[in-house]
Amino acid sequence: MSVQVVAAKMAEVELKDVPNKELPAVSPVTPKADEKGLSNSEPIAAATSPTVVEPAVKVDPSPLSSAPNAAKMPQASAMKRPDPQQNGGEAFVNRDGTVAEAPRMKKIQFADQKQEFNKRPTKIGRRSLSRSISQSSTDSYSSAASYTDSSDDESSPRDKQQKNSKGNGDFCIKNIKQADFGRREIEIAEQEMPALMALRKRAQGEKPLAGAKVVGCTHITAQTAVLMETLAALGAQCRWAACNIYSTQNEVAAALAEGGFSVFAWKGESEDDFWWCIDRCVNLEGWQPNMILDDGGDLTHWIYKKYPNMFKKIKGIVEESVTGVHRLYQLSKAGKLCVPAMNVNDSVTKQKFDNLYCCRESILDGDCNVFTITMLNVILKRTTDVMFGGKQVVVCGYGEVGKGCCAALKAMGSIVYVTEIDPICALQACMDGFRLVKLNEVIRQVDIVITCTGNKNVVVRENLDRMKNGCIVCNMGHSNTEIDVASLRTPELTWERVRSQVDHVIWPDGKRIVLLAEGRLLNLSCSTVPTFVLSITATTQALALIELYNAPEGRYKQDVYLLPKKMDEYVASLHLPTFDAHLTELSDEQAKYLGLNKNGPFKPNYYRY
C-alpha cells in the first residue's frame with residue numbers, strides 16, 4: 001500500500017477567508033463536542049504559524065521533538081492512509097506505529113450555488129449555456145456580454161413596449177435594463193478615442209452640426225456610441241440602425257436609448273428585422289433626415305427604393321465601406337446619384353489604420369481590445385479552438401484588409417496562400433512572402449478559407465464541396481455575399497449550431513465544414529475591434545459630415561468625393577498626443593524648397609502612404 005508523507009498543516013481546515021454567510025451549515029472549523037483533539041475555545045492559528053492537530057489517540061510528542069531531524073520536519077509530520085472503518089475517512093500512522101483518526105472535514109455546499117443550479121432552465125433556447133448557468137455572469141459589462149444575451153425574455157424586441165427613465169419609447173432594442181452596463185462600455189471607449197473627444201471639446205461651442213438630422217446605419221458598438229454622442233454634442237439629431245445583424249452590442253444600444261437616442265437594433269436580428277429597423281429610422285412623421293451616414297450602402301439603398309423624395313432635402317452621404325462606396329460609384333455612373341457623397345473608405349486614415357491595422361489586430365480575437373498581433377489568433381481561436389501554427393490558410397484578396405489578415409496569420413506560423421485579381425496587389429503578396437494561387441488549386445488541402453475582397457461569390461458551392469473535413473470558412477469583407485451561404489441551405493446538408501456564430505455544415509458522407517457568422521463580417525460579428533483604430537475612422541466620418549453639411553452650394557456636385565488631404569492630416573494629428581509624439585516643423589526655407597505650405601498638406605493627392 002502506498003503512503004504519502006504530509007505535514008500537519010495539510011490537515012488543517014483553512015477557511016478563514018471564506019465569508020460566514022457562504023457557509024449555511026455548521027462551520028467546518030468548529031469541532032464536534034465529542035472530538036477530543038480540539039477545544040471549542042481555541043482559535044485556529046494563522047497559516048503562517050503551523051499548528052499541531054492533536055489526534056484522537058494520544059501520542060507522546062517527545063520522540064519527535066528530540067529527534068535529530070526535528071529542525072527539518074514539521075512536528076506533526078505523519079503518514080496518512082484511507083481507513084475503511086471510518087466511512088472513507090483518513091487515519092494518520094504516527095512514527096511510533098500508532099494509528100490516529102484525522103479530523104473529519106465536512107463538505108461545504110454553498111447555498112446560493114445550489115439554488116442557482118436547481119433553478120437552471122431545462123431549455124436554453126437561443127441563449128448560450130454559459131449565460132444560463134450563472135446569474136452573476138449578467139453582471140459583466142464587457143463586450144462579450146452582448147454576444148450571449150443575459151435576458152430570460154426570448155420574445156422579439158418588436159413585440160415589446162419599452163421606455164427609458166424619461167418616458168421616451170422611440171427606440172427598439174433588446175433590453176433597456178442593460179443601460180448601466182452599456183454606459184460603462186461607452187466610458188471605457190471614450191478613453192481610447194482621443195480625437196473624437198478633442199473634436200467634441202473644440203467644436204462644442206460652435207455647434208457646426210446645428211440643425212443637422214443624421215440618419216445612420218453602422219455597427220452599433222461602444223465606439224459608434226462615442227461618435228453618435230459627439231455628433232449630438234455638435235448639434236445634430238440622430239436616428240440609428242445596425243448595418244449588421246450580429247454586431248450590435250445590446251448593452252450599448254440600451255445606453256444610447258436611455259440617453260435619448262432613437263436606436264433600432266439588437267444582436268441576432270432576422271433579415272426582416274434588419275429592414276424593419278432601417279425603415280423605423282427613416283420613416284417618422286414630422287422628421288426627415290438631411291444627412292446620411294452609411295456603412296455598406298443598405299440605408300442609402302432603402303431610401304432610394306422606398307423614399308426617393310427624401311433626397312430633395314438631403315445634403316450629402318458619408319459612406320465608409322468598400323461595398324457601400326462601390327454602390328455609390330455605380331449610382332454615379334448611371335446618373336442616379338442625386339446628392340454629393342463622401343468616400344471615407346478610401347481616405348488615407350481609413351485605409352491605412354482601420355482596414356489594415358484594425359483587421360490585422362481583430363481577426364484573431366474574440367472580444368479583446370488589446371493591441372497585439374496575436375489577436376487574429378484569439379477571433380478564430382475563441383470561436384473554433386484551433387491552433388494556427390502550421391495550418392494552411394488561403395486569404396482571398398490582398399487589399400488592405402487582406403494584408404492585415406495575412407500579416408497576423410504569418411506571425412502565428414500559418415502557411416498562407418493568397419488569391420488576387422489585381423497584378424499589382426498580387427506582386428505585393430509575392431514580395432511579402434506569400435504564394436499566389438487560384439482558389440481551386442489549394443481548396444482541397446487548406447484548413448482555413450478567409451475572404452476579404454468586397455466581391456460576390458468568391459467561394460461558391462463547388463469550392464465548398466471540395467473542402468476537407470473540418471475546414472473553417474469565414475469572411476472579413478463587409479457584406480455576406482462573398483461566401484455562397486445560400487447554396488448550403490439545401491435538404492441534403494445538415495446545419496448544426498455549435499456555439500454562438502459557429503455552425504457545422506454536414507455533408508451526407510459525414511464531412512463537415514465550420515462556418516463562422518453565417519458568412520458575415522467576422523471581426524465584428526464574433527468579436528470587437530481595437531477602439532483606438534476606430535477612433536480614427538469615426539473622427540474622419542464626423543469631419544466628413546461637417547464638411548458636407550456646411551459646404552456652400554456648388555462646392556460639391558452630385559458625385560463621389562474623397563476627403564481632402566488636409567482633413568486626413570488633421571485626423572492623424574489629433575491622435576498623436578496619445579503617444580506623446582512631437583512633430584518636426586518645417587522652416588520657411590525648407591517649406592520653400594519643397595514647395596509646401598508649412599501647415600500642410602504635406603503630400604499630393606496621388607501619394608501612396
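Asp580 sits in the loop that links helix H20 (565–575) to H21. In this predicted model, the phi of Asp580 is near 55°, a positive value in a residue other than glycine. Most residues other than glycine have a negative phi, and most peptide bonds are trans. Is Asp580 buried or exposed? Asp580 is exposed, because its relative accessible area is 56% and exposed means over 50%.

Ala517 also has a phi near 55°, again positive in a residue other than glycine. Its place is the loop between strand E18 (512–516) and helix H18 (522–525). Ala517 has a relative accessible area of 0%, so it is buried.

The peptide bond between Gly600 and Pro601 is cis, with omega at about 0°. Pro601 belongs to the segment after helix H21 (588–594).

Arg200 is part of helix H5 (residues 194–203), while Asn463 is part of helix H17 (residues 461–466). Arg200 counts as buried because its relative accessibility is 14%, and buried means under 20%. Asn463, at 8% relative accessibility, counts as buried too.

Which residues do they touch, leaving aside those up to four places away in sequence? The table lists them.

| Residue | Contacts beyond four places in sequence |
|---|---|
| Arg200 | Glu190, Val226, Glu229, Thr230, Ala233 and Leu234 |
| Asn463 | Leu439, Ile443 and Val458 |

Technical notes. Residues numbered from 1 in each chain as written. Predicted model: local features only at pLDDT ≥ 70, side-chain atom pairs only at ≥ 80, totals over all residues. Heavy atoms only, no water. Helix = DSSP H or I, 4+ residues; strand = E, 2+ residues; numbered from the N terminus. Buried < 20%, exposed > 50% of the residue type's maximum accessible area, 1.4 Å probe, protein only. Contact = heavy atoms within 4.5 Å.
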